[in-house]
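Work through the exercises below with the sequence and the coordinates open beside you.

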Amino acid sequence: MTEYGISRWDDPAVINAQLKNLTSQEIWEVNDDYYENTILKYFDEKCKSSKAIYEEAKNYIPGGVQHNLAFNKPFPMCMAKAEGAYLYDKDGNKYIDFLQAGGPTILGSNYEPVRKKVLELLEDCGPVTGLLHESELMIAKEINKHMPNVEMFRMLGSGTEACMASLRIARIATGHKRIIKIGGAYHGWSDQLVYGLKIPGSRWLLESHGIPRACFKYTDECRPNDLEMLERILKLNKLKGGTAGILIEPVGPESGTRPVAKNYNKEVRKLCDKYGALMIFDEVVTGFRVGLGGAQGYFDVVPDLTIFGKVVAGGYPAAGGVGGKREYAQLMAAGLATGKHRAYVGGTLAANPLSCVAGCAAIQEIEKTNACVVAGKMGDRLCDGLKKLINEYSLPFVAYNQGSIVHLECTGAMSFDFSSMLLPKSAIGLLRHKDMMYVRKDSMERMGAAYMANGLVTLAGSRLYTSYADTPEIIDEALNRFEEVFKHVVKTDKGLL
């Protein structure tokens, strides 16, 4: 029987009430004296190599970094070594790693058994051949073994590509055009899905620069955890030619940052069946992190299509793919045009032997070690410890988790919701709060810098991923470091309209 790393499911109404309380008051953050004389001093004195590399990189790389997650206040840290639960920067400073590369290394960084398999492959074959390699079959069978609903699987280069492919499949399979995504969710950076990112109700107003408005003609955005609104959109879409698919993150938008009710996915499944839309699960984060059966196994829901990324390549490059029911997945059949309608997908390095071998080995090691359950328990321990510290220091911060996905909201920068069926209303609300959101985002990054200076690597100062490499002792040491930060937190006069 498959075990899962999620041991409890919080009521989203309770979490949303706590988040509303957080955003309704002034910002709480580390005080100026601590930030300027301790935090910034650490970066200036202990991280000189990182700063030097960043300063030079700005001459050659837009913004100085190649990845969005890499930019942190006061400047990006340059890492030289990753091992298990730890990262080491160019100056030799050691950090407890709760970023875990953005989520893919559920086994911990640079896991030795997976690395050995990759090295064996490189000795015999090299990373890519351009032709069929047995590892492509191996990983497809391994995924099907644990997620029987994924009857067929096509490996691609990224989650973004997999999301794009899923929309093509849904449109071919249903004959409908419209796609519904949940507000705040991230499904990659393709033109039609850079819509309503981070903030529900934002539609094209925040992140969609450089994308013609017409690209969103067939994309609809629905408020998180709102089944009534979802059905209203589905009904309206019937008059516009129908909905091809509903794209959802099963634990809630933005990796569970906006949690949903436990029965939400089952109810969405019913609506998909009722209105003839494909149910598309984006399991880029949850696939092989919440459990070997994925979120679909945890929620006991059968999606039509499943999007993979991150863990599916074991932390190695080219992590992406889409699979699902045979009748839909086979619409991606490779080869020359046959005259039949099919979803065209490709990529020179898609399904390369290195990624397939690493992914297959990682899934096998996750099964062998029960990594999802171990990481989930450490996530519970971390979250419970953070809640205790928040109460002890009388802070308005909010901590909650879905197993090994832990959320720590200190400013509520991304906790606003402007969802509405009436765009002008939501647009006015968004624009009115926009400056305040950026003030809170700046404060979130300030807190992230404080964590980093205390040897804690987080995702933007608000999300933490635990892994199999974490132990109770590591978690407890991390909590001691979080407490050192919380000791210096004060209420400011920032963050209100």
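A salt bridge is a side-chain nitrogen of Lys or Arg within 4 Å of a carboxyl oxygen of Asp or Glu. This is a predicted model, in which local features need pLDDT of at least 70 and side-chain atom pairs count only at pLDDT 80 or more, while totals for chains, interfaces and linings use all residues. Residues are numbered from 1 along each chain as its sequence is written, and side-chain values use heavy atoms, with hydrogens and water left out.

**Exercise 1.** Determine where K270 and E267 lie, and state how exposed K270 is.

*Solution.* Begin with the distance: the closest N and O atoms of K270 and E267 are 3.2 Å apart, and the two residues form a salt bridge. Finally, consider accessibility (buried is under 20% relative accessible area, exposed over 50%, partly exposed in between, with a 1.4 Å probe and protein chains only): K270 counts as exposed at 52%, whereas E267 is partly exposed at 25%.

**Exercise 2.** Which parts of the chain does the salt bridge between R446 and E29 tie together?

*Solution.* The side chains of R446 and E29 meet at 3.5 Å, N to O. R446 lies in helix 14 and E29 in strand 1 (residues 28-30), so the pair ties together parts that are 417 residues apart in sequence. Both R446 and E29 are buried. Widening the view, E29 and R446 belong to a network of salt bridges that also links D32 and K494; the count for the model comes to 26 salt bridges.

**Exercise 3.** Compare the exposure of K325 and D304, and locate both residues.

*Solution.* K325 and D304 meet in a salt bridge at 2.9 Å, N to O. This pair links distant parts of the chain, 21 residues apart: K325 is in the loop between strand 11 (320-324) and helix 11 (326-329), and D304 is in the loop between helix 10 and strand 10 (305-309). K325 counts as partly exposed at 23% relative accessibility, while D304, at 3%, counts as buried.

**Exercise 4.** What does the side chain of E283 reach?

*Solution.* First locate E283, in the loop between strand 9 (278-282) and helix 10 (294-299). E283 is buried yet has no salt bridge, and the nearest side chain of opposite charge, R289, is 10 Å away. The side chain of E283 does, however, reach the backbone nitrogen of A295 at 2.7 Å.

Definitions and conventions. Helices (H or I, at least four residues) and strands (E, at least two) are DSSP runs, numbered from the N terminus. Lys and Arg count as positive and Asp and Glu as negative; His and the chain ends are not counted. A polar contact is a pair of N or O atoms within 3.5 Å; within protein, one must be able to donate a hydrogen and the other to accept it, and residues adjacent in sequence count only if both atoms are side-chain atoms.
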